[in-house]
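Good morning. I will take a few parts of this structure in turn, and you can follow along on the screen.

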Number of protein chains: 2
Amino acid sequence: MDFAIRAATLEDCKDIMRMMSELTEYEKITDQVTITQKDIEQDGFSQNPFFHAIIAEVPEQHKTKDGHTKIGYSVYSFTYSTWKGRDVYMVDLYVMPEFRGKGIGKALMSKVAQLGQAAGCTNLSFTVVNWNKTALDFYRKQGCVDLTSDLGYHCMSCNGDVFQRMANRDC
Amino acid sequence: MDFAIRAATLEDCKDIMRMMSELTEYEKITDQVTITQKDIEQDGFSQNPFFHAIIAEVPEQHKTKDGHTKIGYSVYSFTYSTWKGRDVYMVDLYVMPEFRGKGIGKALMSKVAQLGQAAGCTNLSFTVVNWNKTALDFYRKQGCVDLTSDLGYHCMSCNGDVFQRMANRDC
């Protein structure tokens, strides 16, 4: 199937938000999502953006029954590894279910690696939930390493009141 | 004990590199480290830096036997969460062993949260190795959530030849 990968623009935010919702629904975390389309517009498409995004698009003749031609995306940002240096972090990788198995996810991931490489990165990092076997198989097949299984890495976070208290405490 | 937390400057890179080496030695990954002081200078202290850093410093009278007054640091970057929006990612948090248990790590972490909050973040994320019980206890005591234990998150990465092939393949 024909498809194109390109940098996302402000005009893609509605579709990015739609696909992000599909992804969080699949990941069963919809109740924890607080971001809106306006956040995505501000945070990804103003000066000093918090993330970058690319879009996978199919020609009109392959549009979904709801009329969508934007059928996949990836969101990524740049970070640092004290082992490896410049690191590209893939926040999300998503392809709509009916378009899977056609190399679109692989192409999106390659584009993220390519954009990372162009920025001097030598490492691509991301997280995946262990019950998403399809995703795990997909990543393993491409030679990615599971730092949690192999080296015992745990992802941690703090938000809400805990974050606010931490930020505001007097040390 | 008196100590101060401040933004790192180019002049701190030698000490950051020294402490990064101490940290990777503790984490038993020294053989995998490829970055140099020059990388840190370029990647953190030029335009569009890949990371930011803060330093913990003690007065002269508390300097180590080797003469160091810069005794802790944190490296962080900004990323995005498709649940929560703006996210501050703490790459490293380190305090030299003889200065632990004095609230310096807590103060460094609070400063990262504060700087994140000032940039509009509502979430702090980081990774920790599961055999580092001291670190795990420290983070849990502050109310942080273990996304790997609680939600099955796995940290993944790809680098070296796998990354190069991924970036260069023709999709």
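Please keep in mind that this is a predicted model. Just after helix H3 of chain A, A:Gly120 takes a positive phi of about 95°.

Now the helix itself. H3(A) covers residues 104-118, which is 15 residues. From its first C-alpha to its last it reaches 21 Å, and that is close to the 21 Å expected at 1.5 Å a residue. Which residues of H3(A) are buried? The list is A:Ile104, A:Gly105, A:Ala107, A:Leu108, A:Met109, A:Ser110, A:Val112, A:Ala113 and A:Gly116.

One open sheet has seven strands, in the order S1(B)-S2(B)-S3(B)-S4(B)-S5(B)-S7(A)-S6(B), and its pairing is mixed. Note the strand from chain A, S7(A), placed between S5(B) and S6(B). The edge strands are S1 (4-7) and S6 (145-146) of chain B, and each of them pairs on one side only.

How many bridges join S7(A) to S6(B)? There are two, and these strands run antiparallel. In S6(B), B:Val145 is the residue opposite A:Ser157.

Now look at strand S7 of chain B, residues 153-159. Six of its seven residues are buried, so to speak mostly covered. S7(B) pairs with S5(A) in the antiparallel sense, over seven bridges. Within that pairing, A:Thr127 has B:Cys155 as its bridge partner. S7(B) is also joined to strand S6 of chain A, residues 145-146, by two bridges, and again the direction is antiparallel. Here A:Val145 has B:Ser157 as its bridge partner.

On to the aromatic rings. A pair of rings is described by the distance of the centres and the angle of the planes. Over all chains, the count comes to 18 aromatic pairs. Take A:Phe126 and A:Tyr139: their ring centres are 4.4 Å apart and their planes stand at 50°, so the pair is tilted. Why does this pair tie together separate parts of the sequence? A:Phe126 lies in strand S5 of chain A and A:Tyr139 in helix H4 of chain A, so the parts tied together are 13 residues apart in sequence. Are these two residues buried or exposed? Both A:Phe126 and A:Tyr139 are buried.

A second pair is in chain B. The rings of B:Tyr26 and B:Trp131 have centres 5.8 Å apart and planes at 55°, so this pair is tilted. B:Tyr26 sits in helix H1 (residues 13-26), while B:Trp131 sits in the loop between strand S5 and helix H4, so the pair ties together parts that are 105 residues apart in sequence. B:Tyr26 is partly exposed, with a relative accessible area of 37%. B:Trp131 is partly exposed too, at 36%. Ring pairs also link A:Phe45, A:Phe51 and B:Tyr80 into a cluster.

Last, a pocket. The second largest pocket has a volume of about 530 Å³. Which residues lie nearest its centre? Of the 13 lining residues, they are A:Asn48, A:Pro49, B:Asn48, B:Pro49 and B:His52. Strand S3 (70-81) of chain A and strand S3 (70-81) of chain B each supply at least two residues of the lining. By class, the lining has seven nonpolar residues, six polar ones and no charged ones.

That is the end of my part.

Key:
Residues numbered from 1 in each chain as written. Chains lettered and ligands numbered in written order. Predicted model: local features only at pLDDT ≥ 70, side-chain atom pairs only at ≥ 80, totals over all residues. Heavy atoms only, no water. Helix = DSSP H or I, 4+ residues; strand = E, 2+ residues; numbered from the N terminus. Expected span 1.5 Å × (residues − 1). Buried < 20%, exposed > 50% of the residue type's maximum accessible area, 1.4 Å probe, protein only. 1 Å grid on protein atoms, 1.4 Å probe; cavity = no way out; pocket = protein on both sides within 12 Å on 5 of 7 lines; lining within 4 Å. Points joined across faces, edges and corners; volume = space filled by probe spheres on them. Nonpolar A, V, L, I, M, F, W, Y, C, P; charged D, E, K, R; others polar. Phe/Tyr/Trp six-rings, centres within 6.5 Å; stacked < 30°, edge-to-face > 60°. Pairing = 2+ DSSP bridges.
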